[in-house]
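Let's take a walk through this model together, starting with one chain and moving on to the place where two chains meet.

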Amino acid sequence: MSLLEIRDLEVAFNTSDGVVRAVRGLSFDVDRGQTLAIVGESGSGKSVATQTITGLTRGAKVTGRATFDGVDLLQADRQTLQKIRGARIGMIFQDPLSSLHPYYRVGWQIVEMLRAHDKSISKSAARDRAAYLLSQVGIPHAKERIDDYPHQFSGGMRQRVMIAMAMALEPDLLIADEPTTALDVTVQAQVLTVMRRLQEEMGTAIILITHDLGVVAEMSDQIVVMYAGHAMEKAGRRELFYGYHNPYTEGLLASLPVHGNAGRLQPIAGTPPSTIDPPARCAFAPRCPYVFDRCWQEDPPLRTVYDDPAHSSACWLPTDRAGRQAARAKLAEARAVAEEPV
Amino acid sequence: MLRFLVRRTLLGVFVLWVITVLTFTLFYVAPNNVAQTLAGRQATPQVVAAISKRLGLDQPLWKQYVDFVWHALHGNLGYDYYYQLPVTHIIATALPVTLSLVLGAAVIWLLLGVTNGVLSAVYPRSLVDRGLTTFAIFFYSFPSFVLGLVLLYFLYYRLTLSGFDWFPPGSYAPLSAGVGPWLQHMILPWITLALVLAATYTRLTRGSMLAVLGEDYIRTARSKGISESRVVLRHGLRSALTPVVTQFGIDLGQLIGGVVVTETVFSLPGIGKTNIDALTRQDLPVIVGTVMLASAAVVVANILVDVGYAFLDPRVRLH
Amino acid sequence: MSVDERGADAGPLGPTEEGAGGSQPAARAAIEGRSPWTLAIQRLRKDRAAMISLGFIILIILIAIFAPVFASITGHPPNEQYHGAQALTEAGLPKGPSGEFWWGTDDLGRDVLVRTAYGARISLLVGVLATALTVAIGVVLGLAAGFFGGFIDTVLSRLVDVVLSVPFLLAVLALVSIFGASLTITVLVIGCFSWASVARIVRGQVLSLREREFVEAARSLGSSDWRIMFVDILPNVLTQVIVYTTLLIPVVIVTQATLSFLGLGLPPPTADWGGMISGARNTYTVAPWYIGFPSAALILTTLAFNLFGDGVADAFDPRADRLISE
């Protein structure tokens, strides 16, 4: 059994402008010690989904199941969730400055976490542990810096503090919500390295939420691509990068500067759709270069593609490799005709 | 820190000086007939002139001002025109009244305002929130003199008529006369002043708390698995209180010199009442004295607010 | 004088940064694309309390405009003193509501209804004029300070500090007592001591707007400073100013009534609410109608403005969305 099993998760918010259906029927599994990446543009529902399962979304209508080590998090009472949060599921967020309380010393913030879940640990022992954790994530002079305030750290160092805090109790699962987005490129790599090292040491599973496919390529085992609250494609890392099926994934990859794609970057035209009263059609249809009649009539379900049970895609294009490649060739041809100088 | 205090104190002294100059000039420029008033309608010009001379009003403005500053530096703020009482004495008598009123009311409005604001923010759009916000906006719209009169009508007049002689119609009983009478005389003024301000503080705390509860670090606190009450109080309220404390300092400063309305409605001989009486009688020394006290209170309060801010928020450096 | 912080902090509904600040990206994405003004007005129209308040404000405005109609219907000019048995008791005290005097009489035998109607004129006039003056001074100085920066900013910011450290009510009382209580003086004095908060808000907004792309663009197109200030920047500050203005009007109305109550109102026999309430203080035990009607008028008016202002603030405040989730 997987560590975390999400089934048919739906999250909706009532706003004064209508019902926002932020997550629509999302399912995925996370195995122990593995990394699952959730990729998508902002507004695709990836953060909402993970915050909902840990009980951090308020005022939402939630249906579905989220079974964590045998406990359905969506049905669990407050006490149970509280005990799981922090101790068994650690979380880090995008902006490390605003994620740490500006008025408390970083050591205090880590100690609070330790003592919240282990009442027996003495103050000084918790402090020593906090200092040890800070040194583990690569903060120099951790013993002295434990009494500094968050604003006295650089962005990368703050995110290390967040990681130290989230990993303090050796959780089974770490949810990292855009952990490197706010950081410089060089610092990003260091932070990812720290995360991966702790993952190996503690055997932690990670849900990595990002819109950065570079980070995904580096870190993930499994990938879920989300768009407008839907999972568009699910696959292993290698399968997704080299054998994607969904046109949205194709668009994301085309907009990524990877080796071998030195030619030109193609951003996906158009903007993500509103999730207020979404119509019954493929959400990506208005922006999809492959779009055809059926896409406007029915919302495609996730279907197994390429006869690989671990690979599925929500798209009406043929599910066999040959058919998919033919569609691609046809599109390339049409484009060539359109761009041909007269 | 020291440099900050010195700089701010100098600035404060400068502001006070500007205010005394302005007060002096303004009241001198205005048609001034204090001597005439004092002498009575039938007095001969000689009598008026004599009175004018006794009060020093025949001197040129700069001379009057220099004398005032010279005496002020020696702790003497002059004598009132009508009874020749030292202004310092008048202020010293009035200040305890105002302090009783303001500090007592402050306890009520802080307790009420902060509690209500937190409750409102923690359960936004709930019945509790709606009730408390309605309460707040209602009293926020209540001019304090109307509120005072309403309280007097029902809690003094109607109650007394019904045989419950609990609240006096006004006036002050000093603490030295016993805690009981003091409380009895202060309760209605306290409620009057506190309800209006509690409304402001409810709204302020609610807004500040709502903003803070939407912060990322509150989400982090929740993600740590600490209890919700700890999230709200230890993490949320700690930040949300900063603007409340700031506002509290500013309000205290403003009120010490100017609870004119509540003091007038309840005939409390505090600084505000003294000031408005002096204004209507053109009793310049008393006006200048009370205005100086009021301005000094504001200036000191503002400095304390900034210092307090630096204590509350570790990111703030005083310079 | 300052208005509640909520109004002051409300920002214009601009494009929001993705995912930042714990906001809810999906909802944001859905809301973007519609004009903030249209959205605000839509939200405002759904706000029942605000709409009822607006209705009441319009009613009060109509009463103020048509105050003479009340005088002609009842046949009682506002300042006419009646001495008959209908108007005053034998002891010379006010008489309660009757067929002749619908809202009773005051201590001089004048018609409370007609005087309350006329009082609306003073309250609204001072409320609107003094607020307009406050906002005009505050916006111009705030724009100048934020836009030009440097020396001008330093001087203006110090001036703001000084004005904010003057005890407001005392200063207004002192000046009105010196210059005499006329409509112009009251408006001027209130305006001169209230603009500082507006200036501070506008300055802060301009400082952040100044660095934005569209200002750069205007500058590179060769627009003059004045043009950039009033055409490119001002509209972006406007939502905040509007919110502040609607919440400032009731504060000014109460200030004016307070002045009258303390005996520094417009000279008698002008009918205004604060003055009527002050006059009724001696007889409130025997003539509750005399104190009650103008008090009720004053409270309901400020309440209506506050509720409406609150609705406006809510409608413009993008953080209102946060109430839904964090």
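This is a predicted model: local features need pLDDT of at least 70, side-chain atom pairs count only at pLDDT 80 or more; totals for chains, interfaces and linings use all residues.

Residues are numbered from 1 along each chain as its sequence is written, chains are lettered from A and ligands numbered from 1 in the order in which they are written, and side-chain values use heavy atoms, with hydrogens and water left out.

Begin with chain C, which has 13 helices and 0 strands; helices here are DSSP runs of H or I with at least four residues, strands are runs of E with at least two, and both are numbered from the N terminus. Of its 326 residues, 54% are buried (buried is under 20% relative accessible area, exposed over 50% and partly exposed in between, with a 1.4 Å probe and protein chains only). Take the contacts (heavy atoms within 4.5 Å) between residues of chain C at least 6 apart in sequence: 74% of them link residues at least 24 apart.

Now turn to where chain C meets chain B. The contact draws on 49 residues from chain B and 47 residues from chain C. About 4200 Å² is buried between the two chains, and carbon and sulfur atoms give 70% of that; buried area is the accessible area (1.4 Å probe) that two parts lose on being put together, summed over both. On the chain B side, B:Phe145, B:Leu149 and B:Arg203 lose the most area to chain C, together 14% of what that side buries.

Helix H8 (residues 179-213) of chain B gives the most to the side that touches chain C, with 8 residues.

Finally, look at two loops of chain B. B:Gln84, in the loop between helix H4 (61-73) and helix H5 (87-122), has a positive phi near 60° although it is a residue other than glycine. B:Gln84 counts as partly exposed, at 37% relative accessibility. B:Gln282 lies in the loop between helix H12 (271-281) and helix H13 (284-312), and its phi is positive too, at about 55°. B:Gln282 is partly exposed, with a relative accessible area of 22%.
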